[in-house]
Amino acid sequence: MSSRAQLPPPPPPVELRSWPDQEALLTDRAAVLGGLVRAHVGPGRLVVLWLWGVLGAFGWLLVGSALVAFEESYDPIGAVAGLTMLMLGIGCLVPAVLLVAVGVRRDRRVRALLHAWGALDRDPARDAALRMPGASSVWLVLSFVLCAVGLGTCFAVPANAAPDGYGWSLVALAMGLGMIAWLVGLIGLVKAFAHRRWVLRVLAGAPAPAPRLPARDGAHR
């Protein structure tokens with residue numbers, strides 16, 4: 001992979017494979033799978049996902065603050081301030097949503113490539129480094145906590161909204177932040193469980209059939 005954003009192609013079909021022997025195939029398989037696993041559940045991907053979530057939360061915070069300003073202010077200055085926060089919030093929220101959508105779509109391609117390259121053969125010695133139990137556990141725990149906090153916020157705030165609780169704008173603000181936390185946590189949980197399922201099915205599953213390499217000239221003479 002020439003860059004972090006670029007993904008490798010799927011393994012070539014049998015008739016186009018140019019590996020000279022089994023060891024060369026296993027070496028390339030290990031290198032590609034190592035990059036794909038880091039691109040899927042590496043610590044950097046967790047940081048990037050949470051940064052997108054923070055950007056979205058900040059955008060919704062501005063949008064919610066604008067709603068509060070519109071609800072509580074009746075003067076032109078308050079309306080202008082609310083409109084400014086609304087535009088800034090949308091400017092942060094829309095890119096965050098797009099980045100998360102692009103990231104989810106990329107994760108689907110990564111998982112497809114992991115299955116395709118992993119199915120070429122088994123290599124227990126090199127595959128042990130691909131399991132990454134620590135990284136997947138961090139994804140699982142932090143994402144579960146984030147999901148729990150988000151759902152708790154979404155349920156707790158509306159319960160106190162009436163009759164003398166929070167105003168509707170504050171409810172919308174809190175529920176939006178809770179929903180963003182829940183969605184980011186849910187994406188993390190899906191990635192953690194998908195990695196674990198891949199490890200069990202591909203790395204620790206039934207042995208793969210012997211990979212077929214194209215016949216060399218004179219191989220059957």
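These legends walk through several close-up views of a predicted model.

The model is predicted, so local features need pLDDT of at least 70 and side-chain atom pairs count only at pLDDT 80 or more, while totals for chains, interfaces and linings use all residues. Residues are numbered from 1 along each chain as its sequence is written, and side-chain values use heavy atoms, with hydrogens and water left out.

**View 1. The whole protein, to get your bearings.**
The protein has 6 helices and 0 strands, and its pattern along the sequence reads α-α-α-α-α-α. Here helices (H or I, at least four residues) and strands (E, at least two) are DSSP runs, numbered from the N terminus. Of the 221 residues in the protein, 39% are buried; buried means under 20% relative accessible area, exposed over 50%, and partly exposed in between, with a 1.4 Å probe and protein chains only. Contact means heavy atoms within 4.5 Å. Among contacts between residues at least 6 apart in sequence, 87% join residues at least 24 apart.

**View 2. Helix H1 beside helix H3.**
Helix H1 (residues 22–41) packs against helix H3 (residues 76–118) at an angle of about 155°, and their axes are 10 Å apart. H1 is therefore roughly antiparallel to H3. Axes are lines fitted to C-alpha atoms, for helices over the stretch in contact, and angles run from 0 to 180 degrees between N-to-C directions. Angles under 35 degrees count as roughly parallel, over 145 as roughly antiparallel, 65 to 115 as roughly perpendicular and the rest as oblique. The crossing of H1 and H3 is left-handed; a crossing gets that name if the near helix is turned anticlockwise from the far one by less than a right angle, and is right-handed if clockwise. On the H1 side, look for residues including Arg29, Leu33, Leu36 and His40, which meet H3 residues including Arg106, Asp107, Leu114 and Trp117. The contact of H1 with H3 divides into 9 nonpolar, 2 polar and 4 charged residues. In this grouping, Ala, Val, Leu, Ile, Met, Phe, Trp, Tyr, Cys and Pro count as nonpolar, Asp, Glu, Lys and Arg as charged, and the others, Gly among them, as polar.

**View 3. Helix H2 beside helix H6.**
The axes of helix H2 (residues 43–72) and helix H6 (residues 168–203) cross at roughly 170° and come within 8 Å. That makes H2 roughly antiparallel to H6. Among the H2 residues in this contact are Trp50, Gly53, Gly56, Trp60 and Gly64, and among those of H6 are Trp168, Leu173, Gly176, Ile180 and Val184. By class, 15 nonpolar, 6 polar and 1 charged residues make the contact of H2 with H6.

**View 4. Helix H5 beside helix H6.**
Helix H5 (residues 133–159) and H6 cross at roughly 155°, with axes that come within 7 Å. H5 and H6 are therefore roughly antiparallel to each other, and H5 passes H6 in a left-handed crossing. The contact of H5 with H6 divides into 20 nonpolar, 8 polar and 1 charged residues.

Ala181 belongs to helix H6 and is buried, with a relative accessible area of 15%. Leaving aside neighbours within four places in sequence, Ala181 is in contact with Leu146, Cys147 and Gly150. The C-alpha atoms of Ala181 and Val145 are separated by 9.5 Å, although these residues are 36 apart along the chain. Phe144 lies in helix H5 and counts as exposed, at 56% relative accessibility. Its C-alpha atom is 10.0 Å from that of Val184, a residue 40 places away along the chain.

**View 5. Ala96 in helix H3.**
Ala96 lies in helix H3 and counts as buried at 3% relative accessibility. Not counting residues up to four places away in sequence, Ala96 touches Trp52, Leu55 and Gly56. Ala96 and Phe58 are 38 residues apart in sequence, and 9.8 Å apart in space from C-alpha to C-alpha.

Cys147 counts as buried at 7% relative accessibility, and Cys154 counts as buried at 11%. A disulfide is a pair of cysteine sulfur atoms within 2.5 Å, and a search of the whole structure finds 0 of them. Met132 sits in the loop between helix H4 (124–127) and H5. The phi of Met132 is near 45°, a positive value in a residue other than glycine. Most residues other than glycine have a negative phi.
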